[in-house]
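Take a walk through this chain, from its overall order of elements to single residue pairs. Keep the model open as you read.

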Amino acid sequence: MRKIILCMHTSLDGFVAGPKGEMDWIHVDEELFDYGARLTDQADTALYGRVTYQMMESYWPTAGDQPNASKHDIHHSRWYNRVAKVVISKTMKGRD
């Protein structure tokens, strides 16, 4: 039997961005990054809405390759590049 693990990053009101799209309210430390990594490491598929996917796709594929990449950036970039991505969108034309 396949084990399904769901890790969802959202605020209590159902959004991750502030009223103007900002994400500067997010404050995490290494302990939280490590906890999140343990959860996401168990996943082989990521589910995104269009806007979040486009934001993730613009950063994570090469984030771990940057000279100033943090431990978190390297780890999450590797995870992002190896998992399947499913995008839920009415407007995005995409790949199979």
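From the N terminus on, the protein chain runs α-β-α-α-β. That comes to three helices and two strands. Both kinds of element are DSSP runs, numbered from the N terminus: helices are H or I with at least four residues, strands are E with at least two. The model is predicted, so local features need pLDDT of at least 70 and side-chain atom pairs count only at pLDDT 80 or more, while totals for chains, interfaces and linings use all residues. Residues are numbered from 1 along each chain as its sequence is written, and side-chain values use heavy atoms, with hydrogens and water left out.

How much of the chain is buried? Of the 96 residues, 21% count as buried. Buried means under 20% relative accessible area, exposed means over 50%, and partly exposed lies in between (1.4 Å probe, protein chains only).

Now look at how the helices pack. Axes here are lines fitted to C-alpha atoms, for helices over the stretch in contact, and angles run from 0 to 180 degrees between N-to-C directions. Start with α1 and helix α3 (residues 71-82). Their axes come within 11 Å and cross at roughly 15°. That angle makes α1 roughly parallel to α3. Angles under 35 degrees count as roughly parallel, over 145 as roughly antiparallel, 65 to 115 as roughly perpendicular and the rest as oblique. The crossing of α1 and α3 is left-handed. In a left-handed crossing the near helix is turned anticlockwise from the far one by less than a right angle; clockwise would be right-handed.

Helix α2 (residues 50-63) also packs on α3. Here the angle is about 115°, with the axes 8 Å apart. That makes α2 roughly perpendicular to α3. This crossing is left-handed too.

Which side chains link α1 and α3? D34 and K71 meet in a salt bridge, 3.2 Å from N to O. D34 lies in helix α1 and K71 in helix α3, so the pair ties together parts that are 37 residues apart in sequence. A salt bridge needs a side-chain nitrogen of Lys or Arg within 4 Å of a carboxyl oxygen of Asp or Glu. By this rule the count comes to one. Side chains of opposite charge can pair when their charged atoms come close. D34 is partly exposed, at 27% relative accessibility. K71 is exposed, at 54%.

K71 and E30 are 41 residues apart along the chain, and their C-alpha atoms are separated by 9.0 Å. T40 is found in helix α1 and is buried, at 10% relative accessibility. In helix α2 sits E57, partly exposed at 33%. E57 and N81 are 24 residues apart in sequence and 9.6 Å apart in space, C-alpha to C-alpha.

Finally, turn to the surface. M23, W25, I26, V28, L32, Y35 and M55 form a nonpolar patch with about 610 Å² of accessible area together. Patches take residues with over 30% relative accessible area and no salt bridge, joining like charges within 9 Å and nonpolar side chains (Val, Leu, Ile, Met, Phe, Trp, Tyr) within 5 Å. Areas come from the Shrake-Rupley method with a 1.4 Å probe; for residues, only the protein chains shown count as cover. W25 lies in the segment before α1 (30-40). W25 is partly exposed, at 42% relative accessibility.
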